[in-house]
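Open the structure in your viewer and keep the selection tool at hand. The tour goes stop by stop.

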Amino acid sequence: MPGPSPGLRRALLGLWVALALGLIGFSAVAQEPFWADLQPRVALVERGGSLWLNCSTNCPRPERGGLETSLRRNGTQRGLRWLARQLVDIREPETQPVCFFRCARRTLQARGLIRTFQRPDRVELVPLPAWQPVGKNFTLSCRVPGAGPRGSLTVTLLRGAQELIRRSFSGEPPRARGAVLTATVLAQREDHGVNFSCRAELDLRPHGLGLFENSSAPRKLRTFALSPEPPRLAAPRLWEVGSERPVSCSLDGLFPASEARVYLALGHQRLSPDITLEGDALMATATATGSAEQEGSRQLVCNVTLGGESRETRENVTVYSFPAPLLTLSEPSVLEGKIVTITCAAGARALVTLDGVPAAGPGQPAQLQLNATVNDDRRSFFCNANIEVDREILSKNESTELRVLYAPRLDDSDCPRSWTWPEGPEQILRCEARGNPAPSVHCARPDGGAVLALGLLGPVTRALSGTYRCTAANVHGKAVKDVTLTVEYAPALDSVGCPEHITWLEGTEASLTCVAHGVPPPNVSCVRSGENEVIEGLLHVAREHAGTYRCEATNARGSATKNVAITVEYSPSFEELSCPSNWTWVEGSGQLFSCEVDGKPQPRVECIGSKGTSEKVVLPLAPPDPNPRAPRIPSEFSSGIYTCNATNRHGSMVKMVAVSVESPPKMDESTCPSHQTWLEGAEATAPTCVALGRPFPQVSCSREGTPWPQRLHVSRQDAGTYFCLATNVHGTDSQTITVGVEYRPVVAELAASPPGGVQPGGNFTLTCRAEAWPPAQISWRAPPGALNIGLSSNNSTLSVAGALGSHGGEYECSATNAHGRHTRRITVRVAGPWLWVAVGGAVGGAVLLAAGAALAFYLQSTACKKGEYNVQEAESLGEAVCLNGAGGGASGGASAEGGTEPEGTTEAPSGGEIFAIQLTSA
């Protein structure tokens, strides 16, 4: 694009010269005071760190300047009106450096503030006691030395992850450093084995730094509870030498019981107990053996120690020696009729007794003589010895048995002449004979047949019944006896004599009989289940005879029962309730026609169309019992007349059935769209919604439970969600409808900021807010010659920086959508203290007017022909390019005006819409 002409350049240069003269005159009027500045004014530095300070002034030629501070310096940089110095190894909690300059016989000063902080590198929790009694207080103390400033420090005492106490030291002096937090805690059982710790937080985030945290090493607390009661010691008071005796020591109220230590000893002999824990109870058990060296009085000690405390119990026991008595026979085995001597003897301190007869004195034996008989065989003799220990009488016994030798004897008590045994379970068959040595017994049939296995466990069977000869023999003789064995057994009902299933035909005659086997012969009776009447004789078979009968056979050995199922068969028959003459099929119900026919065996049923659209069509039937192979349910049925035929092996039957088809309501997008759009102000109608179904459904629509309101015209309040419900006798269907209401645009707000006008060189903003649906497009029309206008991304805000006189005038905002257009206008006045440029304005007025006219004419005649221009070298040359046309209009009143324009109207070509203006430097 070709550059501006030389004439235009000279015009713009003259304009900028005039503006520069005005600015110089303005600066001479408003002289600015001098100052000194220190940056940063306030600083927070980690202890031992470094910082650069910048000291500066606006004095044009300061005489001298410097930075006063007690801190160490590392380097300095200077300029005419500034001084930069690095401070290192800053350790003081707080210092105040001073920046100063000497200017025009005055001293300019700026005072700063430097504070240091120290991270909580050391967090120490005071050691806890080795053991802490439950229910008593202990002290938690946390030290955070050197950390600060203390006012930014927070210290927390922790029990595991649980916060016990949290303290913030806000409000402390800035120079304060370090902190100590102490808390008194009541020890509890739950604290045993828990780690306690301390966490310190230095929060410097309000000063632009971070959050510094540190925690102490955890310390584990061990708590304990020890009952004040002594342990319970259980042990025998008297202890025999060489015998092992149990000892137990128990104590309740221990926590933690697993940490307790038990010492258990008998005299100088330390025992090794087994410890058993149950909750807070402890049980220590051990086995101790008394020795001859310990004979006499000894002490049994039990000591339980926990948490540095102990409980102890002592008991006295007596260790004694007491040998068992000695019992002897002159002959352990003797023939019947011979003399036997029995002797009982014990230690020197013991008094013995033989079969109740005492000896003459302590240490003396006791004797007994007898003539052996058969009744003395296996006779027991008892010897008792007594001694006194620690005022207690102790006894020991000894016994022996006498054997008398004699020939066998078969008594009825040991081998009865008649045996009756039940069949079934295993038993030991006994025929015992008396004799010494023990005789052998043999029982067999006289004809040399079966032999009884005496004394052995074996089954008793019916084959064992009969008479047997039993013989007993030993070295001294033999005995013979005949015995009879009878085996009885309970009744049995088998399938031959009493079948499980019997089938009768309705109308015939039949009887129910069952034959049972058993010894003694059983008695058999049959009754119907749930009844008591016995079935006897011939019956005229009817359907009510079908069912289950219980037959029972009984004898002395038991009983047997059996269930007999009677089935009565008959020809098919239809019932109206189980196979109706009229049936309605509802579409989608998933139902099949149910036609249940009474008959045994179960009849086969088939329904075939005979008239109308259903002719020769097979009607699917619901199976009598649900099963995985049920017929597929069709998607539709044919209405009409169907003939149903039921058949079994005893006959057949026919019935006519009329079938009709109906359906529940159904709505979809084609009949009831889910999204509908209305226009505000149009004639109001209900939502468009129709349902399909038979019979024809009724449709009603409501909004939040409220029926559709009766309105003449659509309003914005009609927008929302509606619920439409279609109903007939077979069910309901629903559809949710979203109604959107569109409306024409309205410029609801057009405001200026600041209000009431703007001074030259100031900034102002115009805000335009429109209400419309769909959302409106915003456009502006500005006064002619108004440059450097900025718009927001959605055109809702127009802003001007550095207002000129050309920015004063009327601004128009337009909002447009598919349903119309609306505009409002506002007037902006640019006015201020122009008296100081009155003289300059009078001199340069003509030049400015000529330059402005030439510039406007040039822009209108060249670059603005296409409706766009770009501002280039605006600061020096004043050249500009228009974007999207030049603004038009005239100055207006002090208030905004507006009006609505219908869709399709146009405006006069005197104004344009400004979308963006950009200033660029050369």
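This is a predicted model: local features need pLDDT of at least 70, side-chain atom pairs count only at pLDDT 80 or more; totals for chains, interfaces and linings use all residues.

Now colour the two strands: β24 covers residues 261–266, and β25 covers residues 269–270. They pair in the antiparallel sense over two bridges. Pick A265 and look across to R270 in β25, which stands opposite.

Click L264: its bridge partner in β28 is C302.

Now turn to the cysteines. How many disulfides does a search of the whole structure find? The search gives 14.

Select C443 and C470. Their sulfur atoms are 1.9 Å apart in a disulfide. The S-S torsion is about 115°, so this link is right-handed. C443 sits in strand β41 and C470 in strand β43, 27 residues apart. Both cysteines are buried.

Move on to C672 and C689, joined by a disulfide with S to S at 1.9 Å. Here the torsion is about -100°, so the link is left-handed. C672 lies in the loop between β56 and β57, C689 in the loop between β57 and β58. C672 is buried at 0% relative accessibility; C689 is buried at 13%.

Finish at C768 and C813, a disulfide with sulfur atoms 1.9 Å apart. The link is left-handed, with -75° about the S-S bond. C768 is in strand β63 and C813 in strand β67, so the pair ties together parts 45 residues apart in sequence. Relative accessible area is 3% for C768, which is buried. C813 counts as buried at 0%.

Notes:
Residues are numbered from 1 along each chain as its sequence is written. Side-chain values use heavy atoms; hydrogens and water are left out. Two strands pair if DSSP finds at least two bridges between them. Helices (H or I, at least four residues) and strands (E, at least two) are DSSP runs, numbered from the N terminus. A disulfide is a pair of cysteine sulfur atoms within 2.5 Å. Buried means under 20% relative accessible area, exposed over 50%, partly exposed in between (1.4 Å probe, protein chains only).
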